[in-house]
Amino acid sequence: MKRPTIKEVTNLLKELRTLVPNRPLTYGESVQVARLQAARFRAWAATTDEPAINLAGLINQRAVPVHFVPSHVLNEESGLTTDLMDDKLQVFINESEPQVRQRFSVLHEWKHVLDFPDAARLHHSLGVGNDNLKTLRIELIANEFAAHVLMPTNLVKRVWFKTQDIGLAASLFNVSPEAMNTRLTKLGLINRKTHPTTRAVFRTHGLVHLSHLAPCAV
Ligand SMILES: [Zn+2]
């Protein structure tokens with residue numbers, strides 16, 4: 001898409017923010033809102049129904065500038081959204097990370113941009129007093145937004161039924177295989193038990209169980 005004007009982006013931010021109830025949200029509500037906003041954002045940004053969304057318009061708009069910076073500037077983090085520089089809301093993305101990761105990070109940060117003015121109220125109840133859990137949940141909500149913009153449910157299903165290949169599906173959406181794997185698992189299109197981490201845990205439990213039994217068997 002061509003570069004949107006500041007007014008167009010400001011109107012979009014306003015519209016996406018009105019999808020959020022004006023009160024503290026539960027984690028489940030926040031996830032639902034993130035998906036709604038993602039669908040609306042995708043409809044605004046995607047000019048075709050190609051799986052891989054073109055993010056040039058978002059990256060080049062000037063209402064909330066997106067800067068690509070070296071890893072050390074961000075202490076090796078993937079991205080940052082802040083208004084502490086020049087009193088202006090801005091996004092910083094780690095340019096050292098793979099391109100597919102940067103695409104995910106830009107959208108993850110865009111969810112922080114959406115929530116920024118009302119973050120204290122919206123996130124107030126998340127984590128029920130546990131700050132680490134609260135931070136984790138805020139990050140997961142931003143991931144949910146990014147995943148749904150990059151990989152909308154209907155398109156993922158359509159591509160998956162044709163390809164049945166995580167690598168190919170990932171390249172069609174221009175996302176990492178890990179992101180595609182997570183999305184397919186959450187949609188129940190692939191079996192969580194085939195995930196390597198889960199299998200390793202299962203095996204470990206099996207070994208512990210066997211060694212525990214061994215003395216009795218002798
Ligand atoms: Zn974040």
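Me: Which residues in H8 meet Pro177, Met180, Asn181 and Leu184 in H9?

Reply: This is a predicted model: local features need pLDDT of at least 70, side-chain atom pairs need 80 or more, and totals for chains, interfaces and linings use all residues. Residues are numbered from 1 along each chain as its sequence is written. Helices are DSSP runs of H or I of at least four residues, strands are E runs of at least two, both numbered from the N terminus, and contact means C-beta atoms, placed from the backbone, within 7 Å. On the H8 side, the residues that meet those four are Ile166, Gly167, Ala169, Ala170 and Phe173.

Me: By class, what residues does the contact of H8 with H9 have?

Reply: Ala, Val, Leu, Ile, Met, Phe, Trp, Tyr, Cys and Pro count as nonpolar, Asp, Glu, Lys and Arg as charged, and the others, Gly among them, as polar. The H8–H9 contact includes Gly167 and Asn181. Its residues split into 7 nonpolar, 2 polar and no charged.

Me: Is H8 roughly parallel or roughly perpendicular to H9?

Reply: The two helices pack at about 105°, with axes 8 Å apart. Axes are lines fitted to C-alpha atoms, for helices over the stretch in contact, with angles from 0 to 180 degrees between N-to-C directions. Under 35 degrees is roughly parallel, over 145 roughly antiparallel, 65 to 115 roughly perpendicular and the rest oblique. H8 is therefore to H9 roughly perpendicular.

Me: How does H7 lie relative to H8?

Reply: Their axes are 9 Å apart and the packing angle is about 140°. That angle makes H7, relative to H8, oblique.

Me: Which residues of H7 and H8 make the contact, and with what classes?

Reply: H7 supplies Val159, Trp160 and Thr163, while H8 supplies Leu168, Ala169 and Leu172. By class, they divide into 5 nonpolar, 1 polar and no charged.

Me: Which residues are buried in H9, and on which side of the helix?

Reply: Buried means 20 or more other C-beta atoms within 10 Å of a residue's own, exposed 12 or fewer, and partly exposed in between, with C-beta atoms placed from the backbone. In H9 (residues 177–186), Ala179, Met180, Arg183 and Leu184 are buried. They cover an arc (from the directions of axis to C-beta) of only 130°, which puts them on the same side of H9.

Me: Which helices do the buried residues of H9 pack against?

Reply: One of those buried residues is Leu184. The partners of the buried residues are H4 (99–115), H6, H7 (153–163) and H8 (166–173).

Me: Why is Leu184 buried, and what does it touch?

Reply: Leu184 sits in H9. It counts as buried because 20 other C-beta atoms lie within 10 Å. Leaving out residues up to four places away in sequence, Leu184 touches Trp160, Ile166, Leu189 and Ile190.

Me: How far are the C-alpha atoms of Leu184 and Val156 separated?

Reply: Val156 is one of the buried residues of H7. Along the chain it is 28 residues from Leu184, and their C-alpha atoms are separated by 7.8 Å.

Me: Which exposed residues does the face of H7 turned away from its buried side carry?

Reply: Leu155, Val156 and Trp160 are buried in H7. They fall within an arc of 125° seen down the axis, so they line one face. The face turned away carries Asn154, Phe161 and Lys162.

Me: How far apart in space are Thr153 and Arg183, C-alpha to C-alpha?

Reply: Thr153 belongs to H7. It counts as partly exposed, with 14 C-beta neighbours inside 10 Å. Although 30 residues separate Thr153 and Arg183 in sequence, their distance in space is 8.8 Å.

Me: At roughly what angle do the axes of H2 and H6 cross?

Reply: The axes of H2 (residues 27–45) and H6 (residues 131–150) come within 8 Å. The two helices are therefore roughly parallel. Their crossing angle is roughly 30°.

Me: How many helices and strands does the chain have, and what share of its residues counts as buried?

Reply: There are 10 helices and 3 strands. In sequence order the pattern is α-α-α-β-β-β-α-α-α-α-α-α-α. Of the 218 residues, the share that counts as buried is 28%.

Notes:
Contact = placed C-beta atoms within 7 Å.
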